[in-house]
Amino acid sequence: MGHIIINSVCKEYRNRRKIARMDESIKSKFQDPIPVLDKIDLEFNDGEMVCILGPSGCGKSTMLRIIAGFEAATSGRVTIDGNIVERPSSDNIFVFQNNGLLPWMTVWENIGLSVRQMQDSRSRREKIAEHIEIVELEGFEHHYPHQLSGGMRRRAELARALAVNPNVMIMDEPFSGLDFITHMKMREEVVNMHKFTGKTTLIVTHDIDDALIMGDRIVVLDGRPARIKMNHQLDFPRPRDFQKIPALNKLRQQIFLMEGISYAV
Amino acid sequence: MKPNKLKTHNLGKRYPFLLTGISFVFMLLIWDLLARFSGWSSQVFPGPLPVFVSMGELLRNGTLLKHTVASLFRITIGFYLAVMLGLPLGMLLGRNKTCNTMLNPIIQFLKPISPIAWIPLAMLWFGIGDMPAIFLIFLASFFPLVVSTTITVSTINPVFFQVAANFNFTRMETITKIIIPAITPATITALRLSLAIAWLVVVAAEMIAVRSGLGYLILDSRNALRMDYVMAGMIVIGVIGLLLDFIMRRMGRLESTSWQRSDIR
């Protein structure tokens, strides 16, 4: 479960701003659709952890949102396990870049959203408690999100996503805004969680190191509209260390070059 | 910073009732002085003492209670009607673009018309009695409630609706788990403001269409040239307004809004 096929997906945004005072040529240019994704073809295998890398504004979040069903592709289609994605579904849970926890619900109630369809209230409680334990938030069950630190909030949201038992986990920049140490810890936790659950996991990031350390595969998007610049299987053993795996380090420098920046300054 | 300076700043926090009491006593003092030295007779500008004596009279013979109950009854019915119809309509307008485009201009057109301007029509339609006053109170609080609810609902963070879609919320769940909790804090403020407007209008309405209520008490006393009764009525109106506001403010501190507060337990 969790086999994703992205079939020549294109996405265009239309600029609705009216620029009345400008001359015709500029006007027509502004009203032209803005292409964001250009014929993206990808296939993610069941249980794979895929890191999607690219500079900000290159359309990687848009791609995720199309996979999650929040936005429709202009053309092409996404299928998950043979079903065409048309709308959001609890089979593919999206973990939001900016807090997606409902601020008026405690950690317990937020995770409870995932299991609210369970009839038996005892097993429902057990399930919530189990997931709070997985992300080590015991003692914070009845705290509201604003009372938690940034890292704890992400862990709570991760627990909520896991409790649904989705086929696919979709994470949009899960580490943005965290301090360095929390970032490292969360990274480890996500990798462990993936090892533990074996769910297909898509992670959008702009951090090259994150992508190389975490991913079973790395996809690099670039350009406007975005095209796939690299689609590379990472068969390196874990735990991964740039110092110990020269090939990994080489790949890293290669990506740096590809993005047009020099690694050594 | 000097420590004793800090203490002065905390005075209002430490003795809130004492400070408020002092300023009220001060107000009474100024009132008394003005009445004494204005040169007007006590019939034209009674001081606080004769007014409180007359107020005691009105309290004892039950007139004051009767009129207060009549006013409170009207405001309760009118205000509840406005809340029952205004909040759902506001939610609809805040979420549904088609409804908003259709109905919002009409509401914006009706909103600035003072409820007082409706008095002739209200009397013609509903005759003499409670109905025209209730109708005016309804009008006075309905439009501000609709407008503020529309705005609050339309500014709910769209991420929460995406979470709702992702977790397969039903329409009802979206209303009860997202919209209502999200708008509760702002709605309590809106209720507070519109209740104040309604209280202003009830007095005006009672001066015209009915033979009971605090507005009627004031009008009737003027006809009898009893300025002490007029002032007694005004004081009761002020006190009840203060109490209503106090109750609404207390509501703002209920459990349902505690997720916002930072000082929670």
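## Burial and charged pairs

A residue is called buried when its relative accessible area is under 20%, exposed when it is over 50%, and partly exposed in between. The model is predicted. By the burial criterion, both A:Arg217 and A:Glu48 are buried. These two residues form a salt bridge, with the closest N and O atoms 3.1 Å apart. The pair links distant parts of the chain, 169 residues apart: A:Arg217 belongs to strand β9 of chain A, and A:Glu48 to the loop between β2 (34–44) and β3.

Across all chains, the structure holds 18 salt bridges. Among them is the pair of A:Glu71 and A:Lys11, whose closest N and O atoms are 3.8 Å apart. A:Glu71 lies in the loop between α2 (60–68) and β4 (75–80) of chain A, and A:Lys11 in strand β1 (residues 4–13), 60 residues apart. A:Glu71 counts as buried at 19% relative accessibility, and A:Lys11 counts as buried at 10%.

## A salt bridge between chains

A:Arg116 pairs with B:Glu173 in a salt bridge, the closest N and O atoms being 2.6 Å apart. The pair crosses from the loop between α3 (107–114) and α4 (121–134) of chain A to helix α9 of chain B. A:Arg116 is buried at a relative accessible area of 17%, as is B:Glu173 at 15%.

## Helix α8 of chain A

Helix α8 of chain A (residues 246–258) has 13 residues and reaches 18 Å from its first C-alpha to its last, close to the expected 18 Å. Its residues A:Leu248, A:Leu251, A:Arg252, A:Ile255 and A:Phe256 are buried. They lie on the same side of α8(A) because they cover an arc of only 145° around the axis. On the other side, A:Pro246, A:Lys250 and A:Leu257 are exposed.

The cover over the buried residues of α8(A) includes β3 (49–53), α7 (208–214), β9 (217–222) and β10 (227–233) of chain A. Just after the helix, A:Gly260 takes a positive phi of about 80°.

## Surface patch and backbone angles

In chain B, B:Phe26, B:Leu29, B:Ile30, B:Leu33, B:Leu34 and B:Phe37 form a nonpolar surface patch with about 650 Å² of accessible area together. B:Leu34 lies in helix α2 (residues 16–37) of chain B and is partly exposed at 49%.

Most residues other than glycine have a negative phi. A:Glu173, however, has a positive phi near 45°; A:Glu173 is buried at 9% relative accessibility. B:Asn168 also has a positive phi, about 55°, and is partly exposed at 37%.

Terms used. Residues numbered from 1 in each chain as written. Chains lettered and ligands numbered in written order. Predicted model: local features only at pLDDT ≥ 70, side-chain atom pairs only at ≥ 80, totals over all residues. Heavy atoms only, no water. Helix = DSSP H or I, 4+ residues; strand = E, 2+ residues; numbered from the N terminus. Expected span 1.5 Å × (residues − 1). Buried < 20%, exposed > 50% of the residue type's maximum accessible area, 1.4 Å probe, protein only. Arc of directions from axis to C-beta. Contact = heavy atoms within 4.5 Å. Patch = residues over 30% accessible without salt bridge, like charges linked within 9 Å, V, L, I, M, F, W, Y side chains within 5 Å. Areas by Shrake-Rupley, 256 points an atom, 1.4 Å probe, with all protein chains shown as cover. Salt bridge = Lys/Arg side-chain N within 4 Å of Asp/Glu carboxyl O.
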